[in-house]
4 protein chains.
Amino acid sequence: MLILMEKGATRDQIQAVCDRVRAIGFVPHEIPGSIRTAVGITGNQGAVSPENFMHLPGVAECVPVSKPYKLVSREVKPEPTIVDVRGAKVGEGSLSLMAGPCSVESRDQIFRTAEAVAKSGAKFLRGGAFKPRTSPYAFQGLKEEGLSLLAEVKRNFDLRIVTEVKDTETLGVVAEVADVLQIGARNMQNFSLLEAAGRLRMPVLLKRGISATLQELFMAAEYILSLGNYQVMLCERGIRTFETMTRNTFDLSAVVLIKHYSHLPVIADPSHGVGISWAVPALARASVLAGADGVMVETHPEPDKALSDGQQSLTLDVYRKLAQELGELAEWQARHR
Amino acid sequence: MLILMEKGATRDQIQAVCDRVRAIGFVPHEIPGSIRTAVGITGNQGAVSPENFMHLPGVAECVPVSKPYKLVSREVKPEPTIVDVRGAKVGEGSLSLMAGPCSVESRDQIFRTAEAVAKSGAKFLRGGAFKPRTSPYAFQGLKEEGLSLLAEVKRNFDLRIVTEVKDTETLGVVAEVADVLQIGARNMQNFSLLEAAGRLRMPVLLKRGISATLQELFMAAEYILSLGNYQVMLCERGIRTFETMTRNTFDLSAVVLIKHYSHLPVIADPSHGVGISWAVPALARASVLAGADGVMVETHPEPDKALSDGQQSLTLDVYRKLAQELGELAEWQARHR
Amino acid sequence: MLILMEKGATRDQIQAVCDRVRAIGFVPHEIPGSIRTAVGITGNQGAVSPENFMHLPGVAECVPVSKPYKLVSREVKPEPTIVDVRGAKVGEGSLSLMAGPCSVESRDQIFRTAEAVAKSGAKFLRGGAFKPRTSPYAFQGLKEEGLSLLAEVKRNFDLRIVTEVKDTETLGVVAEVADVLQIGARNMQNFSLLEAAGRLRMPVLLKRGISATLQELFMAAEYILSLGNYQVMLCERGIRTFETMTRNTFDLSAVVLIKHYSHLPVIADPSHGVGISWAVPALARASVLAGADGVMVETHPEPDKALSDGQQSLTLDVYRKLAQELGELAEWQARHR
Amino acid sequence: MLILMEKGATRDQIQAVCDRVRAIGFVPHEIPGSIRTAVGITGNQGAVSPENFMHLPGVAECVPVSKPYKLVSREVKPEPTIVDVRGAKVGEGSLSLMAGPCSVESRDQIFRTAEAVAKSGAKFLRGGAFKPRTSPYAFQGLKEEGLSLLAEVKRNFDLRIVTEVKDTETLGVVAEVADVLQIGARNMQNFSLLEAAGRLRMPVLLKRGISATLQELFMAAEYILSLGNYQVMLCERGIRTFETMTRNTFDLSAVVLIKHYSHLPVIADPSHGVGISWAVPALARASVLAGADGVMVETHPEPDKALSDGQQSLTLDVYRKLAQELGELAEWQARHR
């Protein structure tokens, strides 16, 4: 249930509502809006009676929430969430560009990439230090050394770092360097990791699981929000289907539906979505028009020599041209939305 | 195998090559290019020896074709195919807009729609007279009466008619009215129908089957081309996956891959792709940027009262606004490709 | 809706109910049961009022049918349907074994196979004369010549012929030889073919489409039953999923659910289901325990030389051993059901 | 690569080979066979030269391993692995029955179930204390209290406990009570958890991920084996497809293929596979015939009141009858394999 406060409700009135929610055994979530504040309730099994709240001063209305996901939904918070990453605002209407290699491989590689990414106008550098890999024998990232390189990049460029956290054990060290904690597709239902991310107060990029329905993605995000971390971005990165000519099936309708049902920003990742470098630019352009708040692409100085995902990485030249185009399209999109 | 003729090869030389192909038991396919002509060979089980042709005058080169689809592939014909539908050229670089209701339902409905579609600048009206339906008890179209209405529309508007043919029995009557024969997703592997369409000499719009791989789509088109009808457009209309929030999963990467591997024009159908009217415009816009040669959308004067597919049909007002936007984006796309 | 007649209702009373159904514009379907007769109604869009029938003599009850499939459902006909194929009764509790090559290839091949199949105790020989193939360049069956060979087999062995019909054009010639008309997976929603099969009065084996839901399979069968042909068997032959190690994913739960929701017999086809010959016997055995009324397997004198599906065909020796085992398991199953 | 020792190779000779593997930077895995011992090598990126080993005393042969999974494969260990769980041997040819509720809910519930399970002849009780759930608001298990109840059951019945571990944080407490650590479908690619399980020396039941290919399942198991824990059982529990009438699509061909490609025991879980209690017994019976080494089913004294998975749980009466039938079928299977 959602308790909508009156337009001029005072801090004390809101506080009293939250106290009342706790008193009957549930968890209050204060949700500020541009006009008025709402208080969401979680922790209840069945319906909560509005009678608990209607008599409290400042309460305007109690509305039931029909979806199994609550804090994530537009029902509870109609206005879009803007995630502020050290001044770069994701979800406010402009396009957030996130680019970089699959894995941090060397100082030279990450610095050359960072330079190109920064020059292109992008504000986010992606790059993995801890890499979950299907095979135990595959390259699993430079780990702590990779994090050090990312920290160094951060000191040298105006770039925010998006890097994956693969388990709770390394969450602490990753969170020290990351500006945005990426939770990967394979971990979308690693609930312990989601809960740990929920207890932090920093931006999280949550990738859709390889065969997750949108409802499951929303429920996974709900784990994070329900623990008080509302700085979550959702990411479409392709789903598993019968088609074998592409790595995954990039589901752009997911971008449209996420924007419709949720207030959280949505990032499109066509690199993983299609898995073929020559197909990435067209799908990146399409992502902007589908309404994505951000686009994440893999780029590498020498894709042929990449230790992972080389076949889907753009050369820096192709990336630069794409960044320019995406900027133009984002302007078109901003004028028409 | 593909026999490439020399730049100045004469008609007689080309003819002699075709005769030689027939003489050894196979079928020649003359493929004109902007610079030189090629002759494709089909009907062979294994490899054909180049020695059969290399000594013939005007023959420049014999190249093997690596894919199971041949006439459909860029290997055999690198230049894009332009399908000319009574002057409307699909595949030449501009955007072909195809709009209309799922089914022709009444004179009033189809005329009101046709008027809006024609005014929007679209050159194609879609509308079904014979409707394949999952249930034997569902509305199966107005049939011959629907065709008559489409014929009447054709006389009154500058619109080309795209309408579905569901079996060989009704192919004759449908082909009399249709400018473009649509072969639906459920019939993508109805090989008898494909062969019948291959024996015609008129444009065909072949929709991807609901769980067809791109290779299977190419092979289905190959049935048509191998019988001499090269006027084929391919259509992405969503595939079946585990996701239930959308009707299908609209696979925009298919548009990119079809353009890459085949010279045939590709049409995107976001209406069937996503199945939710409010999600169609964003995906239609994205389709243009993915590189589609055409976009097909369902529109209806009163979606709420539609006998089929109402939930995915745009109102005429929404359609008009969308048509305008797609035009702008097509211009952007033309400038940048 | 379903009109249940009283236990001793007379022929005239039943006839009067059918006449009344027609009089109000719908189609009656007389469904004999061991105790009493029911009359199903199709052709109605919405609910039909019981008041039309309750006053007629001999009418016991009018019950609504909740599923979109009606004649196919257990609601309408709780007792299992037994399809009698020249004395071989499919669905009566014993196991019907159907075996043979994918395609009829030669007199020697089909006679050697038929001999082994007949000796194994099986009553059905499968073998394709008209083969729908993904590629226009692949072997498409011996066609009429194949039918002649099947007719010859039929005269020489106590075997019923199961062979595929791929289009309405060849339905006539196929139906002359076939004892059971097989409608293949790709044609499950070829509604014109379903309607043509519905107008015949001979057994049909309807295969589940490669990505058909069970409800769609039921609706496809409903096309046939609604036209008066009730001799339909349903066949599970594997569905398309993301797994690539098997040709399809053999869905044995489909066998269980079909038996639950429908009265029609169900045949399991593990050969197409898994597509790997060494995996077929175990899945054939499992099929019996899942409750299949019949098992269909591909067997060939020389699988290595088969023109189609060799990789999933059993040698005659392996087949013979399997037939013996399936018989034992069918006995176990009969004792315990 | 796999180094096969001679039949009478001594301990010292084997040791010398292992030392040599380490000396060149890789990890040796001693794999005892009934006739002779093999030494597997992991940690290498490319091929390892046989010349490193062929001259060592006792080495018979060096064979390359063609699959990406190595220790898991039959290539490396042709003989089936038998996992000994306190005297109950899984994989030795008999059928291991594992039954119990989805979640431990109360002392009464788990004791009543345990009694029925023990009496049925099953040697394993399943029951979850820590439950990963899609929704943060759903029942997540009794946690430590649930473990205590399981420990109590263990002291009172001759039953081995199979219970899920959902994260590395609780691995310690779960491992104290569990005889078999279950790693659930959502955690199949939680590599940190796999590694932690690999460092233990106790039986693990690894469930196939909801959209995991068999190769990915093998690679996940490889994580555990490569760290020295070879007591792994694989479990098929249904995969995600387009079909909505069942909870998942139970892939029995997976059982057949796992037995073929791997030496590890395989357990079938039809309860999660189909998700409908009335469909479970038929699929459990089929699982035995498909060759499963064990069958795991959910049973509950009062399925209607279960806090999770009630719709797929058998009543204790249905379970008892099923256990009896599975025993008979396992005998048939043992006689014929």
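Two strands pair if DSSP finds at least two bridges between them. Strands here are DSSP runs (E, at least two residues), as helices are runs of H or I with at least four residues, both numbered from the N terminus. In strand E4 of chain B, the residue bridged to B:Leu4 is B:Glu61. Strand E1 (residues 2-5) of chain B is joined to E4(B) by four bridges, and the two run antiparallel.

This is a predicted model, in which local features need pLDDT of at least 70 and side-chain atom pairs count only at pLDDT 80 or more, while totals for chains, interfaces and linings use all residues. Residues are numbered from 1 along each chain as its sequence is written, and chains are lettered from A and ligands numbered from 1 in the order in which they are written.

E1 and E4 belong to an open sheet of four strands in chain B, ordered E2-E3-E1-E4 with antiparallel pairing. Strand E2 (27-31) and strand E4 (59-63) of chain B stand at the edges with a single partner strand each, so one side of each has no neighbour in the sheet. From one strand to the next the twist averages 25°, with axes taken as lines fitted to C-alpha atoms (for helices over the stretch in contact) and angles running from 0 to 180 degrees between N-to-C directions.

Chain A is assigned two domains, domain 1 (2-63) and domain 2 (83-336); such bounds come from an automatic or database domain assignment. Taken over C-alpha atoms, the centres of domain 1 and domain 2 of chain A are 35 Å apart.

Within chain A, helix H5 (191-199) is mostly covered, with seven of its nine residues buried. A residue is buried if 20 or more other C-beta atoms lie within 10 Å of its own, exposed if 12 or fewer, and partly exposed in between, with C-beta atoms placed from the backbone. Among the buried residues of H5(A) are A:Phe191, A:Leu193 and A:Leu194. The cover over these buried residues includes helix H4 (171-177), strand E10 (180-183), strand E11 (204-207) and H6 of chain A.

Next come the relations between chains. Copies are superposed by least squares on the C-alpha atoms of residues with pLDDT of at least 70 in both. The same surface serves both copies, since 100% of the contact residues of chain A recur in chain B.

Two residues are in contact if their C-beta atoms, placed from the backbone, lie within 7 Å. On that basis, 34 residues of chain A are in contact with 34 residues of chain B. H9(A) gives the largest share of the side of chain A that touches chain B, six residues. By class, this side has 18 nonpolar, 12 polar and four charged residues. Ala, Val, Leu, Ile, Met, Phe, Trp, Tyr, Cys and Pro count as nonpolar, Asp, Glu, Lys and Arg as charged, and the others, Gly among them, as polar.

Chain A is also superposed on chain D by a rotation of 180° with 0.0 Å of shift along its axis (RMSD 0.0 Å). Here the C-alpha of chain A nearest the axis is that of A:Ser211, at 3.1 Å. Contacts link 25 residues of chain A with 25 residues of chain D. H6(A) supplies the largest share of that side of chain A, five residues.
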